[in-house]
Amino acid sequence: MSLSVIEFRRRLAAAILAAALGASIFPAAPHAAETALLTAAQSDPGKLGWMVGSPPPENKIIRADGDYFSFPKLRWTVCHFRQLMPTVNVSRGLGAPVPLARKIDEAIDALTFTPLGASTPMSWAQSLAANYTDGIVVLHNGAIVYEHYSGCLDEAGQHGAMSVTKSLTGLLGEMLVAEGTLDETATIGTLVPELAASAFGDATVRQMLDMTTALRYSEDYADPKADVWVYSAAGNPLPKPAGYSGPRSYFEYLQTVRKQGEHGVAFGYKTINTDALGWVIARVTGKSVAALLSERIWSKMGAEQDAYYTVDSIGTPFAGGGLNAGLRDMARIGQLLLDGGMANGQRLVSAAAIAHIRAGGAKAAFAKAGYKLLPGWSYSGMWWITHNEDGAFMARGVHGQAIYVDPAAHMVIARFSSHPQAGNAANDPTSLPAYEALAKHLMR
């Protein structure tokens, strides 16, 4: 393999796979040891002047073929994927948005909690800067009680949801299962014959939804021959370099995945599960995940903005991590699940689908993945289930993206962030106890 192809894979993986790998560690960007020292205030993209001017100065340009997901550039990129790569729309429809009521709680900023592994309390306001929060909305009983924007985001902007995207794809899958359109016991090879000879062929829909498939797939960024680079190159929409002979789309890559182990035994968080589910959804409904999400949810929940997905070279939406949306609309997704699938007097999602998600998956299978900060959790329908006393569950994405739903507190938190470190282990110690403290505050 030529050096140019290896470097091509490395460069392109940055944005594509940052959007994919919601709980794994992203490779250090060039000079990360120095730039990661920048605080949220110091790395604010407005202050740094990224992409300002016509044209911007050369040292302030962020290019689609460069290191656009290295820190601190990523703090601009997360709000501007559409400027860097092709996308497909998720229409909110032609009706008027349904506004969210506002009952702002001025006491939230001063709320304190103790981060995991620490002894010194931190305030809610301090945690936002610590986690490089670009925007956060809190709903209580369906009304906005807290809203904050910084960095590249404002109330009219859109932001990469990263692997929160997986949970929306999973929600679509659970809807189809509950409605009888998709049989959770069916094997993937019977639904998508092109995948019959791949690792997915003898896996069931349920194993895919809960990510207990056994896949030979490496996300070791230190290895230039790891599968993750091949996957990245396949999904990248830019022209391939001379000499490139690998797969040229998500569909082509998924057919090459081979099995390792036994399905149904252990949880293994791999983005390719979600892209394969996206293919299943498209095959059984005749609609892409972008079209189905618009038709069934986005156009009916009173959304304020269209959303969009990044796509590969043949226009396939990146079901595992390509969604970009407005923050309040992400909060509406959380509220939809909190309300059992109802929105604006209409049933959009089967109550059975949401009940299945909330019940969680096999804790023993999840424990085998070794998430030290998530003891007792599980994974179901591509949602993360805390199994705490409030029955909270969430969608998670790299660099701090989250939808957190606490049924006992009637609370939804939607957050967009651009933390220098991709893995959620970097922000969970301050995020998870903050969410629980806020729930207790709202229940008083």
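**Note on helix packing and the nonpolar core**

1. The axes of helix 7 and helix 15 come within 8 Å of each other and cross at roughly 125°; axes are lines fitted to C-alpha atoms, for helices over the stretch in contact, and angles run from 0 to 180 degrees between N-to-C directions. Helix 7 and helix 15 are therefore oblique to each other (angles under 35 degrees count as roughly parallel, over 145 as roughly antiparallel, 65 to 115 as roughly perpendicular and the rest as oblique). Helices here are DSSP runs of H or I with at least four residues, and strands are runs of E with at least two, numbered from the N terminus.

2. This is a predicted model, in which local features need pLDDT of at least 70 and side-chain atom pairs count only at pLDDT 80 or more, while totals for chains, interfaces and linings use all residues. Residues are numbered from 1 along each chain as its sequence is written, and side-chain values use heavy atoms, with hydrogens and water left out.

3. Helix 7 and helix 13 pack at an angle of about 70°, with their axes 11 Å apart, and are therefore roughly perpendicular to each other. On the helix 7 side, L168, T169, L171, L172, M175, L176 and E179 make the contact; helix 13 contributes V289, L292, L293, R296, I297 and W298. Contact means heavy atoms within 4.5 Å. These residues comprise 10 nonpolar, one polar and two charged (Ala, Val, Leu, Ile, Met, Phe, Trp, Tyr, Cys and Pro count as nonpolar, Asp, Glu, Lys and Arg as charged, and the others, Gly among them, as polar).

4. Helix 13 (residues 289-298) is largely enclosed by the rest of the structure, because eight of its 10 residues are buried. Buried means under 20% relative accessible area, exposed over 50% and partly exposed in between, with a 1.4 Å probe and protein chains only. The cover over its buried residues includes helix 7 (164-179), helix 12 (271-285) and helix 14 (327-338).

5. The largest nonpolar core holds 132 residues, of which W124, F200, I297, W298 and M330 touch the most other members. Such a core is a set of buried Ala, Val, Leu, Ile, Met, Phe, Trp, Tyr and Cys residues joined through side-chain atoms within 4.5 Å. Both I297 and W298 are among the buried residues of helix 13. Neighbours within four places in sequence aside, M330 is in contact with residues including W298, L323 and F416.

6. G361 lies in the loop between helix 15 (351-359) and helix 16 (363-367). At 21% relative accessibility, G361 counts as partly exposed.
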